[in-house]
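Take a moment with the sequence and the 3D view. Then follow the chain piece by piece.

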Amino acid sequence: MILKFRHLVLIIIFVVIIVIIGNIFILVFKKYESINIDYYNELITKYKNDKILLSCVLAGEWLIRNQLKNGKFNYSYDPWQNSYSSDYNLLRHAGTAYSLARLYKYTNLSILKESARKAIDYLLNFSINSSLGRYIDDGRRPIPLGGTALATLAAIEYDEVTNESAFEKEINEMGLFLKNQQASDGSINCYYSPDQGLSYGDSDYYAGEALLAIVRLYEHTGDYNYYVVLEKAFPYYRNYYILKGYTPFAPWGIEAFVRWYQYSKNQEVLDFCYSVSDATLEDQYTNLDVCPKDYIGGFGKISGTPPRSNTASKIEGVVDTYYLAVMTGNKSKISQYKRNIVLAAKFLINLQIDLKDSLVFPCPEKCIGGIPGGVKDSEIRIDYLQHAIVTLLKIREYGITI
């Protein structure tokens, strides 16, 4: 009898220990990936008069909660299954680092600075020096140029917003690699084969990213050689994209050429940006369309598909073109684009998961601040947040309020 009692006591003690350990694990786990509701309410109060910045801060906070100690992120999260993907994309990681550095500029929140630094440090673990310069090797063959371009953007942004020179060496070395990718016709080679030592191929994404990195290198270093790259590149990409409307080149390439316009005053930049932006807006759901209310401001009108978070990418080039219209005093375009931009910004903010939205999911506290793939897609992925942060901050920077 005494023996059975002792066994019972041991079992109870064991169960209590398991429960305590389990609770400690849950607390640690929640601290890592879940928002503190009191902190959430503090953010709501602090930024209540700035809807755009509030949305960006909540998105940045979600990214920080989902960053590992080594700087890597949880790549994607399924709110319904409460599960994380084991996939990863180093280029989207680089873009996310860039967005966090940009967000730090407007908030001065030290946690954003720390997160951006960790993300860039992780990214540079995959950098390789070659005779052409330093490049980012994400393991694919051939190596896409986007990794080097986005890493350059992130490093420049970090150094400028922090007034540090933490990545000056890497910036110059990656800049050399990007310069060396220009072909004789002005185009940018978007793939690199290290085994063959050859660069070749086109990509809407990577060409745009590379051109934006190059104009930022020109602004950051003052090296006129970067200006020459842009001068040679513009005629090629103007002719290639002016009749295509929106492509993945637009959100990166238009910003690149709008920035370049400030130095070159090349009037052909205006026609190019207006042409691409006007065509892009044909695909946007507006107040005049018969569609579900939550579609308004998003894109997908031509195909009739539910709008997605890529609304951020699709409106981004229009946002830069709006700024170009402001610079040149084009009142007609300013008025036209502003309406569409406000609708897109409202769509993105409404798409973001707030406290009320989160309550339908099994673990609401893991979802708050996340931006899902679209109206009909609940997956949260780091690049969905990255693009929204960058675009919304541009809208705010250019003086548009909602």
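Is S358 buried or exposed? S358 counts as buried, because its relative accessibility is 0%. Here buried means under 20% relative accessible area, exposed means over 50%, and partly exposed lies in between (1.4 Å probe, protein chains only).

A word on the source comes next. This is a predicted model, in which local features need pLDDT of at least 70 and side-chain atom pairs count only at pLDDT 80 or more, while totals for chains, interfaces and linings use all residues. Residues are numbered from 1 along each chain as its sequence is written, and side-chain values use heavy atoms, with hydrogens and water left out.

Back to S358. This residue sits in helix 14 (residues 355–358). Helices (H or I, at least four residues) and strands (E, at least two) are DSSP runs, numbered from the N terminus. Leaving aside neighbours within four places in sequence, S358 is in contact with I353, P364, C367 and I368. Contact means heavy atoms within 4.5 Å.

Now look at the sheets. Strands of a sheet pair through backbone hydrogen bonds, either parallel or antiparallel. In this model, two strands count as paired if DSSP finds at least two bridges between them.

Strand 1 (residues 76–78) pairs with strand 2 over two bridges, in the antiparallel sense.

In strand 2, its bridge partner is Y84. In strand 9, the bridge partner of Y77 is I380. Strand 1 and strand 9 are antiparallel and share two bridges. Strand 8 and strand 9 also pair in the antiparallel sense over two bridges. G374 stands opposite D377 in strand 9. Strand 8 and strand 9 form a hairpin, with two residues between them.

Strand 5 and strand 6 (residues 191–193) are joined by two bridges. I143 has Y192 of strand 6 as its bridge partner.

Strand 3 and strand 4 run antiparallel and are joined by four bridges. They form a hairpin with two residues between them. N129 stands opposite R134 in strand 4.

Turn to the helices. Helix 3 (residues 51–65) has 15 residues. At 1.5 Å a residue they should span 21 Å, and the end C-alpha atoms are 21 Å apart, which agrees. The expected span is 1.5 Å times one less than the number of residues. Helix 3 is mostly covered, with 13 of its 15 residues buried.

Helix 5 (residues 110–124) passes the span check too: its 15 residues should span 21 Å, and its end C-alpha atoms are 21 Å apart. Its buried residues include L112, S115, A116 and A119. The buried residues of helix 5 pack against several elements, among them helix 3, helix 4, strand 3 (127–130) and strand 4 (133–136).

Finally, see how helix 4 (residues 90–107) meets helix 15 (residues 382–397). Their axes come within 9 Å and cross at roughly 35 degrees. Axes are lines fitted to C-alpha atoms, for helices over the stretch in contact, and angles run from 0 to 180 degrees between N-to-C directions. The crossing is left-handed, meaning that the near helix is turned anticlockwise from the far one by less than a right angle. The contact includes S99 and L103 of helix 4 and I389 and L393 of helix 15.

Which residues does I389 touch? Not counting residues up to four places away in sequence, I389 touches C56, A59, G60, L63, S99 and L103. I389 lies in helix 15. It is buried, with a relative accessible area of 0%.
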